[in-house]
Amino acid sequence: PLGKRGIAAPRAAGYGALAGGRKEYIEWSNRETLVCVQIEEVEALRNLEQILKVEGIDVFFIGPSDLSQSMGYGDNPSHPEVLKAIEGGFKKILGAGKLAGISGNDESLKRYADMGVRYLYTHANRYLGDGARKTLATFGRK
């Protein structure tokens with residue numbers, strides 16, 4: 001509802017089924033909406049201080065694979081220069097008192113959590129695949 005667009009408040013508020021009216025719905029939805037910007041380009045890292053000043057952003061999420069591509073290292077988010085850039089971005093985000101986020105695997109997410117990153121993401125299909133392989137192995141299949 002923030003911004004310059006339609007809000008579809010009657011439909012989104014359940015046509016009056018939710019408590020309160022349009023004003024209460026708009027206030028509630030603004031409180032409950034998570035705004036997450038993705039920092040996935042070298043240019044975004046260069047402009048991170050300005051991006052951090054934008055009001056209303058809840059999470060500043062660094063996309064390691066796309067960032068590595070943008071930096072010229074293909075899909076290699078473990079390249080030392082990419083890791084250095086990610087860590088530098090986190091220092092700026094956390095130093096500004098903002099919430100930092102990233103995706104990764106168990107090992108990298110633990111490392112980032114230890115740095116103070118609190119919005120951690122991994123792909124559920126990774127865990128589903130691991131579970132499926134274990135189940136199939138129980139029956140002697142691959």
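Strand 3 (residues 99-103) is largely enclosed by the rest of the structure, because four of its five residues are buried (under 20% relative accessible area; exposed is over 50%, partly exposed in between; 1.4 Å probe, protein chains only). Strands (E, at least two residues) and helices (H or I, at least four) are DSSP runs numbered from the N terminus. This is a predicted model, in which local features need pLDDT of at least 70, side-chain atom pairs count only at pLDDT 80 or more, and totals for chains, interfaces and linings use all residues. Residues are numbered from 1 along each chain as its sequence is written, and side-chain values use heavy atoms, without hydrogens and water.

**Exercise 1.** Determine how many bridges join strand 3 to strand 2 and to strand 4.

*Solution.* Strands pair if DSSP finds at least two bridges between them. Strand 2 (residues 59-62) runs parallel to strand 3, with four bridges; here Ile62 stands opposite Ile102. Strand 4 (residues 119-121) is also parallel to strand 3, joined by three bridges, and Ser103 stands opposite Tyr121.

**Exercise 2.** Classify the pair formed by the rings of Phe61 and Tyr119.

*Solution.* Rings of Phe, Tyr and Trp (its six-membered ring) pair if their centres lie within 6.5 Å; planes under 30 degrees apart are stacked, over 60 edge-to-face, the rest tilted. The structure holds two aromatic pairs. In this one, the centres are 6.0 Å apart and the planes at 90°, so the pair is edge-to-face. Phe61 lies in strand 2 and Tyr119 in strand 4, so the pair ties together parts 58 residues apart in sequence. Phe61 is buried at 8% relative accessible area, whereas Tyr119, at 30%, is partly exposed.
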